Amino acid sequence: MVEHSDIHPSDVEMLERLGAIVDVIDPVPMDVIQMGYAAFTFRDPYGELMDKVVLDEPEFAVRASAPTSHLHFFEFGEVAIDVEVTSRVAFCGLLGAVLDPAGLAGLRVTLETATASFTTEADATGRFMFDQVPCGLVRLHLERSAARLTTRWFEAG
């Protein structure tokens, strides 16, 4: 691999200009980018990737003047997950609700971190909770029989 310092400055400038031209003339199609994200986002070929719902303020504080709690929203078709993440120093808690018109019986929710995973079953109203979760990137997996949904990674804490 060539170090950046080993390349002549005029070559670096030329490569940057060529990259900018390619981005304008022949950009990578958005569906190819999305497929790439999906390939790296989860390893379950039978699962479906949920989209994060972006509001006017993508992550906003609730119930406090300091941003100690944030809300995250994900959707896939008619299925939706609302998650409140509450930070407590190095750990956080997640309180969530799943909305699924097809029903919630037997719905398992798994929270995955970089180093561990935790599984719980949603109650009859679709609510679930995880406590003492290490702060950092997390994602949620919903599973019921053969159907599996996965959120994108998001910041907890």
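The model is predicted, so local features need pLDDT of at least 70 and side-chain atom pairs count only at pLDDT 80 or more, while totals for chains, interfaces and linings use all residues. Residues are numbered from 1 along each chain as its sequence is written, and side-chain values use heavy atoms, with hydrogens and water left out. The predictor's confidence in each residue is given by pLDDT, on a scale from 0 to 100. The protein chain averages a pLDDT of 80. A score of at least 70 is reached by 77% of the residues. Over residues 58–65 the pLDDT stays under 50. For that stretch the model has 17 contacts beyond four places in sequence. A contact means heavy atoms within 4.5 Å.

The protein chain holds 2 helices and 11 strands. Helices (H or I, at least four residues) and strands (E, at least two) are DSSP runs, numbered from the N terminus. The order of elements from the N terminus is α-α-β-β-β-β-β-β-β-β-β-β-β. The chain has 157 residues, and 31% of them count as buried. Buried means under 20% relative accessible area, exposed means over 50%, and partly exposed lies in between (1.4 Å probe, protein chains only). Among the contacts with a separation of 6 or more, 47% come from residues 24 or more positions apart. The chain exposes about 10300 Å², of which carbon and sulfur atoms supply 60%. Accessible areas come from the Shrake-Rupley method with a 1.4 Å probe; for residues, only the protein chains shown count as cover.

An open sheet is formed by 5 strands in the order β2-β3-β4-β5-β8, with antiparallel pairing. Strands β2 and β8 (127–134) stand at its edges, each with a single partner strand, so one side of each lacks a neighbour in the sheet. Two strands pair if DSSP finds at least two bridges between them. Strand β2 (residues 51–52) pairs with β3 over 2 bridges, in the antiparallel sense. Here lysine 52 stands opposite phenylalanine 74 of β3. Strand β3 (residues 69–76) is largely enclosed by the rest of the structure, because 6 of its 8 residues are buried. Its pairing with strand β4 (residues 79–88) is antiparallel and spans 8 bridges. Serine 69 faces threonine 86 of β4 in this pairing. The hairpin of β3 and β4 has 2 residues between the strands, and glycine 77 takes a positive phi near 60° there. Further along the sheet, strand β5 (residues 91–99) runs antiparallel to β8 and is joined to it by 6 bridges. Leucine 95 has methionine 129 in β8 as its bridge partner.

Two surface sites follow. Met14, Leu15, Leu18, Ile21, Val24 and Ile25 make a nonpolar patch of about 620 Å². Patches are made of residues with over 30% relative accessible area and no salt bridge; like charges are joined within 9 Å, and nonpolar side chains (Val, Leu, Ile, Met, Phe, Trp, Tyr) within 5 Å. Leucine 18 is found in helix α1 (residues 9–25). This leucine is partly exposed, at 45% relative accessibility. Alanine 114 is found in the loop between β6 (108–112) and β7 (117–121). Its relative accessible area is 76%, so alanine 114 is exposed. Beyond residues up to four places away in sequence, alanine 114 touches Leu137 and Trp153. Alanine 114 and glycine 136 are 22 residues apart in sequence and 8.2 Å apart in space, C-alpha to C-alpha.

The structure holds 4 salt bridges. A salt bridge is a side-chain nitrogen of Lys or Arg within 4 Å of a carboxyl oxygen of Asp or Glu. Arginine 144 and aspartate 100 form one of them (2.5 Å, N to O). The pair links distant parts of the chain, 44 residues apart: arginine 144 lies in strand β9 (residues 136–144), aspartate 100 in the loop between β5 and β6. Arginine 144 is partly exposed at 22%, whereas aspartate 100 is buried at 16%.

Arginine 108 and glutamate 143 also meet in a salt bridge (3.5 Å, N to O). Arginine 108 lies in strand β6 and glutamate 143 in strand β9, so the pair ties together parts 35 residues apart in sequence. Glutamate 143 meets arginine 148 as well (3.9 Å, N to O). Arginine 108 is partly exposed at 32%, glutamate 143 is partly exposed at 26%, and arginine 148 is partly exposed at 24%.
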